Amino acid sequence: MFEELETVKKKCLGCQKCNLCQNRTNVVFSDGIPNNKLMLVGEAPGYWEDIKGKPFVGKAGQLLDKIFECVGLSREKDVYICNTIKCRPPENRNPLPEEKLACREYLDKQIEILKPKIIIICGNIALNSLLPEERGITRARGKWFDGPFGSKMIPIFHPSYLLRNDSREKGSPKWLTWQDIKEIRRVYDTL
Ligand code: SF4
């Protein structure tokens, strides 16, 4: 498993398949622990991810770590983390369709090699890539969908969205994410 992933990573680190290679500092391939239970797929690297070469660093990454910690999970021990797009789009704009298409082979390979039982789809861009028929994260979050290789996929809000919506009241994005992560933990415990 690890050797196959390393081969894909090596190819990805030298990738020039789309224009996003021109301004990147680092290719952001993955973080966390390769495993066959839990994968989180985000959208595309931002400023700090590009600098550090890791997905979900900075404030959004710290919040994601806290969300996992709340249910006793951690990226060091339990979760493999990657993005749909591996290089940072300029000014954090949404990735273009041709960029998504070019980069898709790397995400597909990560899923094919690890065959995670649960795939957390984090945010609208990842939702659009993995469940294009769904109409937005607000409607899709918290629901289970059939995914590739027998996996179950569940969309959640992106932590950067939660940072912009601070309320913890019942029904707020943070409150809903708390319900979602508890549900993920519940199913994780049945694996
Ligand atoms: S975004 Fe993906 S396809 Fe484009 S250059 Fe980077 S790794 Fe290659």
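Author: Start with one pair in this predicted model. Leu 40 stands opposite Ile 120 in strand E4.

Reader: Which strands does that pair join, and in which sense, parallel or antiparallel?

Author: Strand E2 (residues 38-42) and E4 (residues 118-122) pair in the parallel sense, over 4 bridges. E2 also pairs with strand E3 (residues 80-83), again parallel and over 4 bridges. There, Val 41 stands opposite Cys 82.

Reader: How do I read the side chains of E2? Which residues point which way?

Author: In a regular strand, side chains alternate between the two faces of the sheet. In E2, Leu 38, Leu 40 and Gly 42 point one way. Met 39 and Val 41 point the other way.

Reader: How many residues of E2 are buried?

Author: The count is 5 of 5. Both sides of the strand are covered, as the residues pointing either way are buried.

Reader: Which residues touch the most other members of the largest nonpolar core?

Author: That core has 54 residues. Leu 38, Leu 40, Val 41, Phe 68, Ile 120, Ile 121 and Leu 130 touch the most other members. Helix H4 (residues 97-114) gives the most to this core, with 7 residues.

Reader: What does Ile 121 contact beyond its sequence neighbours?

Author: Skip residues within four places in sequence. Its contacts then include Val 41, Leu 130, Met 153 and Pro 155.

Reader: Now a charged case. What is the nearest side chain of opposite charge to Glu 49?

Author: It is Arg 88, 7.0 Å away. Glu 49 lies in helix H2 (residues 47-52). Beyond four places in sequence, Glu 49 touches Val 28, Lys 54, Pro 55, Phe 56 and Val 57.

Note on methods. Residues numbered from 1 in each chain as written. Predicted model: local features only at pLDDT ≥ 70, side-chain atom pairs only at ≥ 80, totals over all residues. Heavy atoms only, no water. Core = buried A, V, L, I, M, F, W, Y, C linked by side-chain atoms within 4.5 Å. Buried < 20%, exposed > 50% of the residue type's maximum accessible area, 1.4 Å probe, protein only. Helix = DSSP H or I, 4+ residues; strand = E, 2+ residues; numbered from the N terminus. Contact = heavy atoms within 4.5 Å. Lys, Arg positive; Asp, Glu negative; His and termini not counted. Salt bridge = Lys/Arg side-chain N within 4 Å of Asp/Glu carboxyl O. Pairing = 2+ DSSP bridges.
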